[in-house]
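Here is a short briefing for a first look at this structure. Please view the sequence and the model, then read on.

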Amino acid sequence: MLTVQRLTAILLLFFCYGSVAGQRVLRWGADPSGGAPYVFTDPANPDRYIGYEKEMVDALAQAMGRQAEFVPSDWETLVSALQRKSFDVIVNGLEPTGDRAQQILFSKPYYIFQLQLTVRRDDNRINSIDDCKNRSVGTLANTAASRLLEQRGIPMRGYADPVAAYRDLELKRLDAVIFDVPAEAFYARNNPKLKPAGAPFTRGLYVIGLRKDDDALKAEVDAAIDKIIVDGTLETILKKWGLWNDAQVEFQAPIRAGKESAKVEEYTNTNVTFNWREALWRLTRAAAVTVLIALGSMVIAVTLGLPLAVGQWKGPAWLRGLCTIYVEFFRGTPVLVQLLFLYFGLPVIGIAMPGWLTALVGLGLNYAAYESQVYRASLEAIPNGQWEAAYSLGMGPLLAFRRIILPQAFRIALPPMTNDFVSLFKDTSVAYAISVWELATAYRELANASGQFLLLGVAVSAFYLAMSLPMAHLARLLERRLRDRATERVEEEAAA
Amino acid sequence: MIRVTDLRKRFGSNEILKGISFEVPPQTVLGVIGASGSGKSTLLRCLNGLETISGGTVEVESVRLEATLSHSEYRKRVKDLRLKVGTVFQHFYLFPHLSVVGNIIEAPVHVLRTAKKTAETEASELLEAVGMTHAARRYPGSLSGGEQQRVAIARALAMHPALLLLDEPTSALDPRRMHSLRALLRTFVDRGHTMIIISHSMGFLEGVADNILYMESGVAVEFGSTDAVMNSPQDARTKDFLSQAE
């Protein structure tokens, strides 16, 4: 009892000390992966984060009399993480879009950005966004650029960071990439394989995001933004990072003159509000991709699984060894890692498949390992007498296998195969990791854009069930048909 | 003519068949008897090519299997041998995924390339002969042991073998059915078939076999007409076995 009291006292003391002697903190969230020049890991010192926004937040916090504390997070879940109070403000080149305005509060703007279209150096087909009509274009999900592409009906692939997008452009998985100029300047401008297509276009604002009810903090942040603009701190930071330009001069002039800053509304040209019909259409497209990947990988798994099973079962020692290595490799490593390897690793040796094909092949190779074990167990379950009966009727090994052993093994294998294929349907969601627009990606991106996690979650689950339930039902019918053959007599007699 | 000469079979250093010789004239039945472990099942598996022989020869009509043949030539002749020899296994090994008719026409259609229609006509004739016409479309899982045996006999005969082997055909049968099986086998012999029946039931063989081969420890102890072996066995070991069996 005494120790508990003592412990409580110590804890209380600790907290009092923290709030009295320490400063108040400003916890800010951003995605540091591929986050240059906003906020990213210092290449010279991996324990440290650097970036112009990092320096800006430090300056803001100082102006607010607070201590800045960085909370690394995911770009796509920044808004929901803010609402869950993982941090108090989002500072990550956030654009004040209409759908975000329904979920969070915006500070005053602090930066004017433009967009830059990038293509491969040898590609002269695309010179502006108007040339992108039937091309595939990559960009960061949930940004001004992604909305612009949606508005114009240009097929868009959402990425979680610019590094992956520009690499896919190099590998010809994309025809063009659009990013905010700061990111483009850092990741693409010095790449000899890429070039800017046309001049920067569109103007947009970066603001700081806050929770809806956090008006007090918003007032504090707004005042601090004004302060670092007026005293030139922000200008110094932007100049240091090569981000100072005419647009900033134009934007900061009225504030420095003591007038009102630019209105958010003046820059809302990239607003897209959430639209259920559009969302369902995009989910349907995602479902089609999911079905394509699932069915395609099933075909690979079923056809490749059989030679693997037979090789491991009856093959010579070297073949058995090879098959075992294959099976243990694909069963023993995560399918996610396998997909990342196929997608990012294989291009090194000149094999660059598009994302959906990578997912299809990767899942197929992975599930072939599982199927081979189901087949092998089923084949081994067939009594040796069946082989001998077939041989003594003059059948060769191949004929006996095809006509006598395989059909019997198939019956045994059917229930576990069904099981695997239902789980394969769900496993297509790992294709999210390589930016394939399938159901899980669709859910994450649409829900993050709209905040409709619950309703969209129900819709996406319904899509998955609509695909897996009929398949399970079909398999049950087939099983019953096969079983009925053996028991029909029993039923006849029972009926009689 | 079916002729076995000095047939030997070794598993490692363990010799199971130690030089067996006998002949089976056409349209006769040879009964092979002996205690468990006497080597009679191994003899049957050498005759249908499921075991590779270690010495001697097996001749079934024009096919001559010799232990001294090269591996590829041996395999080729085993293939030919299996077309001449049909087997009814002790546990039948019907194909559970095929109907009764499917079991019977499977090999004729896929091995002999008989037209399916022709094979089906032959199958229904065979089913009638074995008294199983009513079960043509049923599956093996729904048949009794005796019914399965009749289907297995029809399946083996559908390949028109020169020699039919039966392994312990009485193990699944009660005395009444044993009697009807004996009658059935005799009708097939009368139609021109030649058989080797392995059994330890002397009573069953008495009414169906023309000749008897008594085996003990891999050696053919006694060979003669059924009548002679039953009533006046020459070897003391045969006498001993027969007295214990009855």
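A residue counts as buried if 20 or more other C-beta atoms lie within 10 Å of its own, as exposed if 12 or fewer do, and as partly exposed in between, with C-beta atoms placed from the backbone. This is a predicted model: local features need pLDDT of at least 70, side-chain atom pairs count only at pLDDT 80 or more, and totals for chains, interfaces and linings use all residues. Residues are numbered from 1 along each chain as its sequence is written, while chains are lettered from A and ligands numbered from 1 in the order in which they are written.

**Chain A: overall form**

- Chain A has 18 helices and 12 strands. Helices (H or I, at least four residues) and strands (E, at least two) are DSSP runs, numbered from the N terminus.
- Chain A has a radius of gyration of 29 Å, well over the 23 Å from the globule rule for 496 residues, so it is more spread out than a compact globule. The radius is taken over C-alpha atoms, and the rule is 2.2 Å times the number of residues to the power 0.38.
- Along the principal axes, the C-alpha atoms of chain A fill a box of roughly 100 × 80 × 50 Å.
- Of the 496 residues in chain A, 40% are buried.
- Among contacts in chain A with a separation of 6 or more, 75% join residues 24 or more positions apart. A contact means that two C-beta atoms, placed from the backbone, lie within 7 Å.

**Chain A: confidence**

- The mean pLDDT of chain A is 86, and 90% of its residues reach 70 or more. pLDDT is the predictor's confidence in each residue, from 0 to 100.

**Where the chains meet**

- Chain A gives 21 residues to the contact, and chain B gives 20 residues.
- On the chain A side, helices H15 (384-392), H16 (397-427) and H18 (453-495) each supply at least two residues.

**Chain B: overall form**

- Chain B has 9 helices and 10 strands.
- Its radius of gyration is 18 Å, close to the 18 Å that the globule rule gives for 246 residues, so chain B is as compact as a globular protein of that length.
- The C-alpha trace of chain B spans about 50 × 45 × 30 Å along its principal axes.
- Buried residues make up 45% of the 246 in chain B.

**Chain B: a sheet and its helices**

- Four strands of chain B form an open sheet in the order E2-E1-E4-E5, with antiparallel pairing. Strands pair if DSSP finds at least two bridges between them.
- The edge strands are E2 (14-24) and E5 (63-66) of chain B, each pairing on one side only.
- Strands E1 (residues 2-11) and E4 (residues 55-60) of chain B run antiparallel and are joined by 5 bridges. Thr5(B) has Thr57(B) in E4(B) as its bridge partner.
- Helix H1 (residues 40-47) of chain B packs on the sheet and touches E1, E2 and E4 of chain B.
- H1(B) is mostly covered, with 6 of its 8 residues buried. Among them are Leu43(B), Leu44(B) and Leu47(B).
- Just after H1(B), Gly49(B) takes a positive phi of about 80°.

Notes:
Axes fitted to C-alpha atoms, helices over the stretch in contact; angles between N-to-C directions.
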